[in-house]
Amino acid sequence: MYGQTNCFVRPDMQYIAFETVHKQIFVCTRRAAQNMSYQGFTTEDGKYEVLLELTGQDIMGVPLKAPLTSYPVIYTLPMLNIKEDKGTGVVTSVPSDAPDDFAALRDLKSKEPFRKKYSLTDEMVLPFDPVPIIEVPGYGNLTAVKICEDMKIKSQNERDRLEEAKQLTYKKGFYEGIMLVGDFKGRLVQDAKKLVQSQMIEQKEAVLYMEPEKTIISRSGDRCVVALCDQWYLDYGDPEWKNKAREALKRLNTYAEESRRNFEATLDWLHEHACSRSYGLGTKLPWDEQYLIESLSDSTVYMAYYTVAYLLQGGVLDGSVPGPLNIKPEQMTREVWDYIFFNNAPKPTTDIPMESLTKLRQEFHYWYPVDVRVSGKDLIPNHLTYFLYNHCAVWQDESESQIVAWFDIQTIPKTEEHDQSKPPLHKLPLQFDWSENSKTNFRKALNSPETQNKMIEFLSTNFTNDISGVNECVTEFQNILTNASKKSLKIKKKKTRRKITNIANKKWFDKEFRIKRHELRKLANQKHKDPTNLDLRNAYQTAIEIYKDTLQIKKNEFHKNKIDELIKATENDPKLFWKTLQNTSDNLDNTTNSKNSPTEGQ
C-alpha cells in the first residue's frame with residue numbers, strides 16, 4: 001500500500017504456511033488460517049493443510065514486493081507488540097501515518113545492537129524513510145513523525161503514549177486527511193479508502209479477509225470465526241432507497257433532537273443487512289423457503305396486520321379457527337393483501353365477499369398511517385431504522401401511509417430548562433418496591449370505586465391532537481396509576497450517595513495528572529454530544545484506562561516515597577521519624593499532628 005516501508009512480524013510468534021484454493025501460499029497465524037478456511041480460501045470449510053510451521057524469526061529479513069509502495073523491495077522486520085489474536089500476525093508498516101510503525105522503525109534504525117539481535121543488515125533498514133502520502137491539517141504530511149516528536153515518544157515500548165498518539169491522529173487523518181499520491185490523489189482519505197481497496201482486489205493485489213473485532217467465545221466454549229455463508233441481504237445502502245428513508249425522517253416528529261441525530265447517523269453508515277436465518281421461529285422467505293426472516297426485519301410492518309387481525313383470527317394464533325369475517329388463511333392471497341393495503345390496487349379474484357374485503361380495507365386505512373411509535377433509543381441503529389426503510393419500500397407510491405410521528409420516551413432530554421414555546425415532556429412515574437402481595441394490592445387499588453371513576457373520566461376526555469394534548473393525556477393517566485400505587489405499594493427509599501473524594505486536594509495530583517483529567521473530561525463532553533461516534537467512544541475508553549493507570553502510578557509513587565522517607569528517618573533521627581510520620585497523609589490541607597507523636601523533651 002502507499003507509504004509502506006517494510007512488513008512487521010513478531011520474532012517469537014508461531015506462524016504457519018498453507019495453500020489456498022487458488023494455489024497461493026499464505027503465511028499467517030493458525031487463528032487467521034482458521035478464519036480464512038471458512039471464507040472460501042480453502043477447498044473445504046474449516047480445513048486447511050499446514051505446509052510449514054515457523055516462527056517470525058525464521059522469516060526475518062525476507063525481501064518482499066509490496067503493491068502501491070514507492071520502494072521496489074521491502075523487508076520483514078521485527079515488531080515486539082504484535083498480537084496473536086488480531087489480524088494475520090503480519091503487519092503492513094506505514095510509518096508516515098502510524099505512530100506504532102514509526103516508533104518501531106526508528107528503534108531499528110537508531111539501535112545497531114537491535115538490528116544485529118535479529119540478524120538484520122543495514123541495507124534492510126537504514127535506506128527506508130517514511131513516505132509522505134497524506135496531508136493532515138495541523139500535522140503536515142508526516143503525521144506519525146510529528147506526533148511522536150511533539151509527545152516526546154522515544155521508544156516502541158511506550159505503549160500507553162503510542163496508543164494516545166494513535167487516537168489523536170487516526171480519526172483526524174481519516175476524516176480530514178487528503179491523499180497526496182496514487183489514482184485518488186486530492187481526495188479525502190475517508191472517500192479514497194474503499195476505492196483503493198476495491199482497486200487492489202480487482203487487480204488481484206489483495207483479498208478480502210474478515211474476523212471478529214475481538215475474541216468471542218461461544219456458549220459451547222469454542223472460539224468464534226467469521227464464516228462466508230449463503231445469506232440474503234436487504235440493501236439498505238441503495239442510494240434511492242436511502243434517500244426515501246431520509247425524506248421520511250424529515251417528516252418525522254422525533255420530539256427529542258438526540259433521536260433525530262441518532263437516526264441520521266444510522267442512515268449514514270447503514271448498508272447491507274442480513275435478513276435471513278436458517279433456524280428458529282419466524283416467517284419463511286417467500287422466494288427461498290429454506291430460510292426464515294430474522295426477527296429485526298420481520299417485525300417492521302406487523303402493525304399493518306394489527307389493523308385487521310381481529311377480523312381474521314378467531315382468538316387463536318395458527319388461524320385454525322375463522323375470525324368474525326369467516327375467512328380462511330388460504331383465501332388471503334397476495335392479491336387480497338394488495339387490495340387491503342394499497343389504494344390503487346385492483347379488485348382481486350377471490351371468493352371472499354366484497355363486503356368483507358371493503359371492511360378489511362376500511363379498517364386498515366382508518367388506522368394507518370402510523371401516528372405514534374413508542375420505543376427505546378437502543379433500537380434506533382437497527383429495528384427502528386429498518387421500520388423506516390420498509391414502510392418506504394412497501395408504501396413507496398402512497399405517501400399518506402408513511403410514518404408521520406415518532407415518540408421515543410427513552411430519549412427525552414433531562415434538562416431543567418426548556419423552550420418555553422413547547423410544553424415539557426414528562427418523566428416516568430415514581431418507582432415502588434414490589435413484594436409478594438404487591439400484585440394483589442395494586443389490583444385492588446385499580447378496582448376501587450375512586451380509581452374506576454377517574455378512569456371513566458379519563459376515557460371520556462377529548463385530548464387535543466398535538467404535543468400538548470399528548471402530554472396532558474400522559475400526565476392524567478400517570479396520575480391515576482401513581483395514586484393507585486401510593487395507596488397500595490411502598491415507595492422505594494432513596495439511597496445515600498457515597499461521598500466522593502476530591503483528588504485535586506491530593507499532594508500527588510500534579511500538572512501531568514491535571515492534563516490527563518482535562519483530556520478525559522473533554523472527550524466525555526464530546527462523547528455526550530455525539531453518542532453514536534464509535535471513534536469518540538474508543539478514544540474515551542482509552543483515555544479512561546490511561547487516566548486510571550496514571551492515578552494508580554501517582555498514588556503508588558507518593559506512598560513509596562513516604563515509606564522510603566520513614567525508613568531513612570528511623571535509621572538516622574527518631575525526631576525526624578515523627579515529623580515525617582505527621583506528613584504521610586496525601587491531603588494538601590492535612591496539618592494535624594499524629595496523636596502518638598512524642599512532645600518536645602520526651
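In the predicted model, a salt bridge joins Glu44 to Lys47, with the closest N and O atoms 3.4 Å apart. Glu44 is partly exposed, its relative accessible area being 42%. This pair belongs to a set of 16 salt bridges.

A further salt bridge connects Arg30 with Glu53, and here the closest N and O atoms lie 2.5 Å apart. The two partners come from distant parts of the chain, 23 residues apart, with Arg30 in helix H1 and Glu53 in strand E4 (residues 50–55). Arg30 has a relative accessibility of 38% and therefore counts as partly exposed. Glu53, at 54%, counts as exposed, because the exposed class begins over 50% relative accessible area.

Helix H1, which contributes Arg30 to this bridge, spans residues 30–37. Six of the eight residues of H1 are buried, so the helix is largely enclosed by the rest of the structure. The buried residues are Arg31, Ala32, Ala33, Asn35, Met36 and Ser37. They pack against strand E2 (14–19) and against E3.

Thr29 is located in the loop between strand E3 (25–28) and helix H1. The relative accessibility of Thr29 is 0%, so this residue counts as buried. Apart from neighbours within four places in sequence, Thr29 is in contact with Met13, Gln14, Tyr15 and Ile16, and also with Glu84, Gly87, Thr88 and Gly89.

The packing of helices was examined for two pairs. The axes of helix H2 (residues 99–110) and helix H5 (residues 159–176) come within 8 Å and cross at roughly 135 degrees. This angle makes H2 oblique to H5, because the roughly antiparallel class applies over 145 degrees and the roughly perpendicular class covers 65 to 115. On the H2 side the contact involves Pro99, Asp100 and Ala103, which meet Arg159, Leu162, Ala165, Lys166, Thr169 and Tyr170 of H5. By class, the residues of this contact comprise five nonpolar, one polar and three charged. In an α-helix there are 3.6 residues a turn, so residues three or four places apart point the same way.

Two residues of this contact, Asp100 and Arg159, also form a salt bridge through their side chains, with an N to O distance of 2.7 Å. The bridge links distant parts of the chain, since Asp100 belongs to helix H2 and Arg159 to helix H5, 59 residues apart. Asp100 counts as buried, with a relative accessibility of 15%. Arg159, by contrast, is partly exposed, with a relative accessible area of 31%.

In the second pair, the axes of helix H7 (residues 239–250) and helix H13 (residues 380–394) come within 9 Å and cross at roughly 105 degrees. The two helices are therefore roughly perpendicular to each other. H7 contributes Trp241, Lys242, Lys244, Ala245, Ala248 and Leu249 to the contact, whereas H13 contributes Leu388, Tyr389, Asn390, Cys392 and Ala393. These residues divide into eight nonpolar, one polar and two charged.

Cys392, one of the H13 residues in this contact, is buried, with a relative accessible area of 4%. Cys275 is likewise buried, and its relative accessible area is also 4%. The count of disulfides in the model is zero.

Backbone geometry was considered next. Most residues other than glycine have a negative phi, and most peptide bonds are trans. Lys23, which is not a glycine, has a positive phi of about 65 degrees. This residue lies in the loop between E2 and E3, and Lys23 counts as exposed at 65% relative accessibility. A positive phi, near 75 degrees, is also found at Leu68, again a residue other than glycine. Leu68 is placed in the loop between strand E5 (63–64) and strand E6 (74–78). With a relative accessibility of 28%, Leu68 counts as partly exposed.

The peptide bond between Tyr368 and Pro369 is cis, with omega at about 10 degrees. Pro369 occurs in the loop between helix H12 (354–367) and H13.

Technical notes. Residues are numbered from 1 along each chain as its sequence is written. This is a predicted model: local features need pLDDT of at least 70, side-chain atom pairs count only at pLDDT 80 or more; totals for chains, interfaces and linings use all residues. Side-chain values use heavy atoms; hydrogens and water are left out. Axes are lines fitted to C-alpha atoms, for helices over the stretch in contact, and angles run from 0 to 180 degrees between N-to-C directions. Helices (H or I, at least four residues) and strands (E, at least two) are DSSP runs, numbered from the N terminus. Angles under 35 degrees count as roughly parallel, over 145 as roughly antiparallel, 65 to 115 as roughly perpendicular and the rest as oblique. Contact means heavy atoms within 4.5 Å. Ala, Val, Leu, Ile, Met, Phe, Trp, Tyr, Cys and Pro count as nonpolar, Asp, Glu, Lys and Arg as charged, and the others, Gly among them, as polar. A disulfide is a pair of cysteine sulfur atoms within 2.5 Å. Buried means under 20% relative accessible area, exposed over 50%, partly exposed in between (1.4 Å probe, protein chains only). A salt bridge is a side-chain nitrogen of Lys or Arg within 4 Å of a carboxyl oxygen of Asp or Glu.
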